[in-house]
There are 2 protein chains.
Amino acid sequence: MSLEDDVLARVKPTPQEAEAAQEAAARLVKRLAAAAKEKRIPGTPKLMGSVAKDTFLKGPEIDVFVTFPETTPREDLERWGLELGEVLDDPTRRYAEHPYTRGRFGPYEADVVPCYDLASPSDRMTAVDRTPFHLAYVRERLGEAQRDEVRLLKAFLKGVGCYGAEARVLGFSGYLCELLVLRYATFRATMEAASTWRPPVPLELDTPALRTFDEPLVFVDPVDGERNAASAVSLDTLATFIHAAREYLEAPRPDFFFPPAPPPWDEQRLREEMGRRGTELLAVVSTAPDLPEDVLFPQLRKAELAMRAFLEGEGFRVLRSQPALLEDAWILLVEMEVARLPAVRQHHGPPPWLKNATAFLRKWEDAPGRLAGPYVEGGRLQVDVAREAREAGEALERAMPDLSLGKNLDEAVREGFDLLRGEELVGRGYDDVVGRFLRRALPWKVSSSSSRGR
Amino acid sequence: MSLEDDVLARVKPTPQEAEAAQEAAARLVKRLAAAAKEKRIPGTPKLMGSVAKDTFLKGPEIDVFVTFPETTPREDLERWGLELGEVLDDPTRRYAEHPYTRGRFGPYEADVVPCYDLASPSDRMTAVDRTPFHLAYVRERLGEAQRDEVRLLKAFLKGVGCYGAEARVLGFSGYLCELLVLRYATFRATMEAASTWRPPVPLELDTPALRTFDEPLVFVDPVDGERNAASAVSLDTLATFIHAAREYLEAPRPDFFFPPAPPPWDEQRLREEMGRRGTELLAVVSTAPDLPEDVLFPQLRKAELAMRAFLEGEGFRVLRSQPALLEDAWILLVEMEVARLPAVRQHHGPPPWLKNATAFLRKWEDAPGRLAGPYVEGGRLQVDVAREAREAGEALERAMPDLSLGKNLDEAVREGFDLLRGEELVGRGYDDVVGRFLRRALPWKVSSSSSRGR
């Protein structure tokens, strides 16, 4: 049995499992139709997602869309959609761009999502109205055997950390996997193609692009030439996949699909690694608002960029940073390359020939914070002035409430946050996050001895 | 009496002084002519420079060029030129681009410079062959009264630290001062023009440019449209002059011409200032080869750039740097903004789709210096590796012998150099240089209380 057969045996639902999922999905659709009828809601539930396309892995999620006539007011669509979502167990309302309900249905995770029933995907009124067209497109074209090729590709992408279009991953969606298999026919052929990719990578099926895209990977959505079905894929995710494809083809190993999970570093090891790196580790920690990841994570990315821009703007240097979302807290980790600066900094003025040169001189000539100058350097007036915050942690702690992080994180910070440094981070429930941040390796290469250099 | 009359009274030679200088110059020319005749050297001495143009300040230098027929072999011209230079007292041979002799003649500094006697300046064979044409051009056009305007401009430029085309200053030559007065008629009008300049500044008289120039100040040489008579002027010198002109016109004060010379900082004050700035001060000190400034200073500039590039390339950050040439030593001062770095540094590899990606991985996968990775960031493979030198002084000390500083400085460093840090610099004969480096202010604004902030 080949490696890929072996992988498929591990990830593909058994006929019994597949049948059970299909039956559960059909039951949920029926339940929603009954509820709509009872509540006189003019919506029609339809099964979507990987269960509808038969490309699901073990333990699938069930996605049911409720379609409404185009004439339905947006407000009603949203209200009715959430009302129907109550048929799920443990329903929680989610408001990404578009409100929907996530809950459980028997042993499955399930989403109930309202959308419009459109004649053409280009008429779309909400972010999800194209989904029924995606389903139809894939169902019409993807052959029986190719569904397993999609499963292999999904399993591979999962293993190498590139599966999922959400902000935490910035990777490949299930639909994109299906498109890739439609484009290249098999998992192997997709890997071979990917191993030769060099961003920007432009791909399409039967629909040409109706505009230009600037993302590193472009797969023109066959149901809408205005859209890039790979727009979520970041350069780093794409580069990781390309690299993984090259290494896999050279030496296929189960590790790509099922990466090893080495034991987390204990507190002593964490302290050791911090010492060996000799960097200053900073973390902003605050309470996570009770909101879904797809609301919070984009804000965490925004916060990460705002923090980096602030620190670099003050003259510090960031080696790397990473957000993480825990059970009830979020954390932004920053490893500093330069965390301490001298008392003096050069304050740049205008060139002497600009109007505001005089104002600059008047302001600084006898200012109390001036340490030297004004003088001319680089064609501009300059003064040496006293730096306000010489230490990155101190500067960040002071600036956090003023950084623009995103609505919900701004609120969280206003209510309170901790700024932790180095060993203060150890043993407070973040050890695993910090360990993975410092360990940093390609997932299929992590071993328990990894990074035990010299 | 106006400020400018007053200045002129202080800088212009008295009629007696002027006559004495002219007489000495005539005597030197005669002496050289006699020597040439006696030694059968086919050269004709001619007075050049500010004495010939009557634009000199008190205590002028006497420049005599010895012109040779175009047919003279270069080797003979150089040899004969140096031979005739021996008529000076204390002659020293100087080899910039072109060998000449500097010495004394009575109370005057004097240069004896060989050159070719050409029909046109565009035939030039050595760097100095245009000088006789400059002399003729200025003498024909500069009126009696304008000579004092030139004197004022020279005195002003001297006062604000912008006079002299040599590498130490990168400023305005005497010839450029004369051209500016020919262009604008008076000192005042030159100042008014300068106060509106905004680099790049393109100027000319009756000769259009025969090529494009990329220097911040361009004054097309009227005797050769291929040459920029202001090519030595750096952006910072130009900006300083523009700034000084604006401030002078707003509030004329003698300080611009005769900047105050505050007492040098004593050792205690130096230590205090170093402490207040909180930076790491580094200095490379070595023996100055017995060569003229115009040979050594360009090498010092080159060395300064090489040092900065090295330090920044290693990840340190330079706040500022400055070379200085002392009696028998040269010194390169560097003030560090970041002088200490963590044990780890990120080592950038190629993007995974490049050929050398595999080599990079093989090299680093199990290398002893690896602290984390390989991983993907910014679309490239990366590893975290141990940094060799964490401290700027240590890194510089190790690298100095391998930096390309210029022929004579390379030799000096090979024979030995000191790397001094912070307080090690105090009380070793460099206090004045270090003090001016730290004090840093526009010359007309330095006061003894300057930089006593807060």
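# Rings, charges and the chain contact

User: Happy to dig in! Over the face of which residue does B:Arg320 lie?

Analyst: Welcome, and please keep in mind that this is a predicted model. A charge counts as sitting over a ring if CZ of Arg is within 6 Å of the ring centre and within 35 degrees of the ring normal. B:Arg320 is placed at 5.4 Å from the ring centre, over the face of B:Phe437.

User: And in chain A, over which ring does the charged end of A:Arg320 sit?

Analyst: Here the ring belongs to chain B. The charged end of A:Arg320 is 5.4 Å from the centre of that ring, which is the one of B:Tyr375.

User: Let's turn to aromatic pairs: is the pair of A:Phe156 and A:Phe187 stacked, edge-to-face or tilted?

Analyst: Over all chains, the structure contains 28 aromatic pairs. In this one, the ring centres of A:Phe156 and A:Phe187 are 5.8 Å apart and the planes meet at 55°. Stacked needs under 30 degrees and edge-to-face over 60, so the pair is tilted.

User: How many residues apart in sequence are the parts that A:Phe156 and A:Phe187 tie together?

Analyst: A:Phe156 belongs to helix 6 of chain A, residues 144–159. A:Phe187 belongs to helix 8 of chain A, residues 187–194. The pair therefore ties together parts whose separation in sequence, in residues, is 31.

User: What kind of pair do A:Phe187 and A:Tyr248 make?

Analyst: Their ring centres lie 5.9 Å apart and their planes are at 65°, so the pair falls in the edge-to-face class. The pair links distant parts of chain A, with A:Phe187 in helix 8 and A:Tyr248 in helix 9 (residues 235–250), 61 residues apart. Both A:Phe187 and A:Tyr248 are buried, and the kind of pair they make is edge-to-face.

User: Which residues do ring pairs link into a cluster?

Analyst: A:Phe156, A:Phe187 and A:Tyr248 are among them. The cluster also takes in A:Phe172, A:Trp197, A:Phe241, A:Phe256, A:Phe257, A:Phe258 and A:Trp444.

User: On to charges: with which residue does A:Arg151 form a salt bridge?

Analyst: Side chains of opposite charge can pair when their charged atoms come close. A:Arg151 is in helix 6 of chain A and counts as buried at 3% relative accessibility. The closest N and O atoms are 2.8 Å apart, and the partner is A:Asp54.

User: Which residue of chain B does A:Arg362 reach in a salt bridge?

Analyst: Twelve salt bridges are found across the interface of chain A and chain B. A:Arg362 takes part in a salt bridge with its closest N and O atoms 3.5 Å apart, and the residue in chain B is B:Glu250.

User: What angle of rotation superposes chain A on chain B?

Analyst: The superposition has an RMSD of 0.1 Å and 0.0 Å of shift along the rotation axis. The two copies are thus related as by a two-fold rotation axis. A:Val338 has the C-alpha nearest that axis in chain A, 3.7 Å from it. The rotation itself is 180°.

User: About how much area do chain A and chain B bury between them?

Analyst: The contact involves 63 residues from chain A and 61 residues from chain B. Of the interface residues of chain A, 97% are also interface residues in chain B, so the copies meet through the same surface. Carbon and sulfur atoms hold 52% of the buried area, which comes to about 5000 Å².

User: Last one: what share of the residues of chain A count as buried?

Analyst: Chain A has 15 helices and 14 strands, and its C-alpha atoms fill a box of roughly 80 × 55 × 45 Å along the principal axes. Of its 454 residues, the share that count as buried is 57%.

Technical notes. Residues are numbered from 1 along each chain as its sequence is written. Chains are lettered from A and ligands numbered from 1 in the order in which they are written. This is a predicted model: local features need pLDDT of at least 70, side-chain atom pairs count only at pLDDT 80 or more; totals for chains, interfaces and linings use all residues. Side-chain values use heavy atoms; hydrogens and water are left out. Rings of Phe, Tyr and Trp (its six-membered ring) pair if their centres lie within 6.5 Å; planes under 30 degrees apart count as stacked, over 60 as edge-to-face and the rest as tilted. Helices (H or I, at least four residues) and strands (E, at least two) are DSSP runs, numbered from the N terminus. Buried means under 20% relative accessible area, exposed over 50%, partly exposed in between (1.4 Å probe, protein chains only). A salt bridge is a side-chain nitrogen of Lys or Arg within 4 Å of a carboxyl oxygen of Asp or Glu. Copies are superposed by least squares on the C-alpha atoms of residues with pLDDT of at least 70 in both. Contact means heavy atoms within 4.5 Å. Buried area is the accessible area (1.4 Å probe) that two parts lose on being put together, summed over both.
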